[in-house]
Amino acid sequence: MKTAVIIVAAGRGTRAGGREPKQWQMLGEKPVAAWTLQAFSHLPLLVLVIHPEDRARAEACCAGLPVRLVTGAADRAGSVRAGIESLKDESPDAVLIHDVARPCVSRHVIDAVIAALAQADGAAPALAITDALWTGADGRVSGTQDRSGLWRAQTPQGFRFDAIAAAHAAHSGGAADDVEVARAAGLDVAIVPGEERNLKITTPGDFARALAFLDHGDTPMDIRLGNGYDVHRFGPGDHVVLCGIKIPHGRGLQGHSDADVGMHAVTDALYGAMAEGDIGRHFPPSDMQWKGAASEIFLRHAVELARAKGFTISNIDLTLICERPKIGPHAADMTAEMARITGMDCDRISIKATTSERLGFTGREEGIAAIATATLVKP
């Protein structure tokens with residue numbers, strides 16, 4: 001079904017406050033109208049109906065999108081008719097009519113309206129009214145109203161194109177929305193489930209509510225958990241390097257790089273959360289350029305890769321398993337160094353130690369083991 005959308009944006013929206021109409025006010029990093037256009041950018045035909053004074057704003061807002069700008073009329077019905085007229089040559093199978101002040105509409109609602117047109121002349125999203133309804137006068141409750149069968153209408157309201165074009169051509173006078181125009185022409189309009197997030201920006205407080213929905217979306221965040229485990233044996237030396245801190249000790253840790261067992265475990269936890277293998281995949285031990293390399297190089301690579309993929313590192317938890325050296329006196333310095341390398345706050349990095357009660361290779365002080373967990377989050 002070839003579907004077009006008409007986004008009505010010719011109103012002045014004075015109840016929303018501000019120095020300019022609400023559709024051109026900023027909502028986060030871009031205007032309200034830009035969010036609304038983005039929601040429908042997957043459709044082949046986009047028509048934005050605007051006030052003649054708003055063309056420059058609209059052109060800036062539509063940059064990079066295949067949007068047709070149409071000058072609206074003095075009322076909403078006239079603006080919709082102007083949008084319909086602009087589509088006559090393309091003659092789409094269906095048209096969606098949407099209020100520009102509903103920038104949070106989801107793809108799910110849009111697709112549900114289009115799908116419903118296979119069985120009805122029109123379709124529109126709505127929410128059943130669940131609150132008690134009162135009538136009132138002079139600031140006092142004057143009665144109650146039965147809420148049975150009452151719905152809160154939303155947009156986009158979709159119709160078979162030829163049917164709604166004829167309905168608007170025949171309609172005279174005002175109308176609350178396009179469903180009223182359609183029903184006056186005898187069209188059958190189906191109700192599809194609406195969403196609370198599909199709010200209409202009307203008052204100043206609605207901007208914050210809309211931005212909260214746009215920030216969080218209606219899909220869960222991508223949360224990744226990775227773990228890393230590493231071991232290095234002791235050998236000759238007078239210090240060990242743990243989490244970038246040089247700690248005096250009677251023996252050193254042996255390895256291809258600087259043998260920083262703690263940093264290696266954290267690095268592998270980050271790679272694991274991204275399903276990117278381990279350090280060996282990115283820095284093969286067969287490559288002699290990494291002989292004796294500082295493990296900061298590996299950790300920075302994992303951090304930068306995570307950020308390039310759109311992830312934020314939420315926290316890192318590292319446990320070092322050894323009898324000696326004692327970790328406690330150095331934990332704060334180790335945390336600060338890891339925070340510097342990763343760009344994280346210290347309160348998101350936990351570095352602690354335990355012994356193995358003299359059991360196993362760590363208990364015999366043959367080496368140090370490390371276990372790390374890292375959490376990555378993508379909105």
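Visitor: Which residues in helix 1 are buried?

Guide: This is a predicted model, so keep that in mind as we go. Helix 1 is mostly covered, with 7 of its 8 residues buried. Those buried residues are Val32, Ala33, Ala34, Trp35, Thr36, Leu37 and Ala39.

Visitor: Does histidine 42 count as buried, partly exposed or exposed, and what is its relative accessibility?

Guide: Histidine 42 sits in the loop between helix 1 (32–39) and strand 4 (45–50). Buried would need under 20% relative accessible area, and exposed would need over 50%. Histidine 42 therefore counts as partly exposed, at 31%.

Visitor: Over at helix 8 and helix 10, are the two roughly parallel or roughly antiparallel to each other?

Guide: The axes of helix 8 (residues 261–273) and helix 10 (residues 296–308) come within 9 Å and cross at roughly 20 degrees. Angles under 35 degrees count as roughly parallel. Helix 8 and helix 10 are therefore roughly parallel.

Visitor: How many nonpolar, polar and charged residues are in the contact of helix 8 with helix 10?

Guide: From helix 8 come Met263, His264, Val266, Thr267, Leu270 and Tyr271, and they meet Glu296, Phe298, Leu299, His301, Ala302, Val303 and Leu305 in helix 10. Sorted by class, that contact has 9 nonpolar, 3 polar and 1 charged residues.

Visitor: Which residues form one aromatic cluster?

Guide: The count comes to 3 aromatic pairs. Among them, phenylalanine 283 and tryptophan 290 are edge-to-face, 4.9 Å centre to centre with 85 degrees between the planes. Tryptophan 290 also pairs edge-to-face with phenylalanine 298, at 6.3 Å centre to centre and 75 degrees between the planes. The cluster is Phe283, Trp290 and Phe298.

Visitor: Are tryptophan 290 and phenylalanine 298 buried or exposed?

Guide: The cut-off for buried is under 20% relative accessible area. Phenylalanine 283 is buried along with tryptophan 290. For tryptophan 290 and phenylalanine 298, the label is likewise buried.

Note on methods: Residues numbered from 1 in each chain as written. Predicted model: local features only at pLDDT ≥ 70, side-chain atom pairs only at ≥ 80, totals over all residues. Heavy atoms only, no water. Axes fitted to C-alpha atoms, helices over the stretch in contact; angles between N-to-C directions. Helix = DSSP H or I, 4+ residues; strand = E, 2+ residues; numbered from the N terminus. Parallel < 35°, antiparallel > 145°, perpendicular 65-115°, else oblique. Contact = heavy atoms within 4.5 Å. Nonpolar A, V, L, I, M, F, W, Y, C, P; charged D, E, K, R; others polar. Phe/Tyr/Trp six-rings, centres within 6.5 Å; stacked < 30°, edge-to-face > 60°. Buried < 20%, exposed > 50% of the residue type's maximum accessible area, 1.4 Å probe, protein only.
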